[in-house]
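Me: I would like to go through the terms used for this model and see what each one rests on. Please set the value against the definition each time.

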Amino acid sequence: MKVAIVGGAGVRVALLTGGLSRSDLRISQIDLYDIDQDRLRIIGDLAARMAGGVRVTTTVTPDAAIEGADFVITSIRVGGAAQRAKDEAACIALDAVGQETVGPAGFAMAVRTIPAMVEYGRTVARLAPRAWLINFSNPVSLITQAVHQETDARLIGICDTPMEMFEDAA
């Protein structure tokens, strides 16, 4: 079984790789893709060390990671942490509630993220039509609904980081 993890190549990806490799899913390969290839190389090396015998590769395109996958896990932040900080600062300045999942900042995040996630959904439908696309990208509900409406991808949206990841980190 092949898993592709697209976006968000941080320590959480390495922890997720370790958890997946210890699961009973019989995963033989995990392919990682992120737009930040320098960060991906570092996280890919860490993930490979945590994978316990599961083959971990990094790819230079999302297509290479997604093709033939059984599961595609996405966690992208269009605009990066700097744009999230700007969105949230604008909310604070206007005395409004808002972060990447709610309020004006959540809406701004959705507007930036939906086009990229719809494209990933189309890519999954084309290159891995039997795969499940598991979306962690915020705001999860809006993103998942948009991908569902605009693509043929089989899709699940998950709102919070699994507790097992926190336990592994601890």
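Me: What makes β5 and strand β6 (residues 154-157) a pair?
Reply: Two strands pair if DSSP finds at least two bridges between them. Four bridges join β5 to β6, and the two strands run parallel. Within this pairing, Leu 133 has Leu 155 in β6 as its bridge partner. Strands here are DSSP runs of E of at least two residues, and helices are runs of H or I of at least four, numbered from the N terminus.

Me: What is known of the pairing of strand β4 (residues 71-74) with strand β5 (residues 132-135)?
Reply: β4 and β5 are joined by four bridges, in the parallel sense. Ile 73 stands opposite Ile 134 in β5.

Me: What kind of model is this, and how are residues numbered?
Reply: The model is predicted, with pLDDT of at least 70 needed for local features and 80 or more for side-chain atom pairs, while totals for chains, interfaces and linings use all residues. Residues are numbered from 1 along each chain as its sequence is written, and side-chain values use heavy atoms, leaving out hydrogens and water.

Me: Why are α1 and α2 called roughly parallel?
Reply: Helix α1 (residues 11-21) and helix α2 (residues 37-50) pack at an angle of about 25°, with axes 8 Å apart. The axes are lines fitted to C-alpha atoms over the stretch in contact, and angles run from 0 to 180 degrees between N-to-C directions. Angles under 35 degrees count as roughly parallel, over 145 as roughly antiparallel, 65 to 115 as roughly perpendicular and the rest as oblique. α1 and α2 are therefore roughly parallel.

Me: Which residues of α1 and α2 meet?
Reply: Contact means heavy atoms within 4.5 Å. From α1, Val 11, Val 13, Ala 14, Leu 15, Thr 17, Gly 18 and Ser 21 meet Ile 43, Leu 46, Ala 47 and Met 50 of α2.

Me: Why does Ala 51 count as buried?
Reply: Buried means under 20% relative accessible area, exposed over 50%, and partly exposed in between, using a 1.4 Å probe and protein chains only. Ala 51 has 0% relative accessibility, so Ala 51 counts as buried. Ala 51 is in the loop between α2 and β3 (55-58). Not counting residues up to four places away in sequence, Ala 51 touches Thr 17, Ser 21 and Val 56.

Me: How do you know whether Thr 123 is buried or exposed?
Reply: At 4% relative accessibility, Thr 123 counts as buried. Thr 123 lies in helix α5 (residues 103-127). Leaving aside neighbours within four places in sequence, Thr 123 is in contact with Asp 63, Ile 66 and Ala 128.
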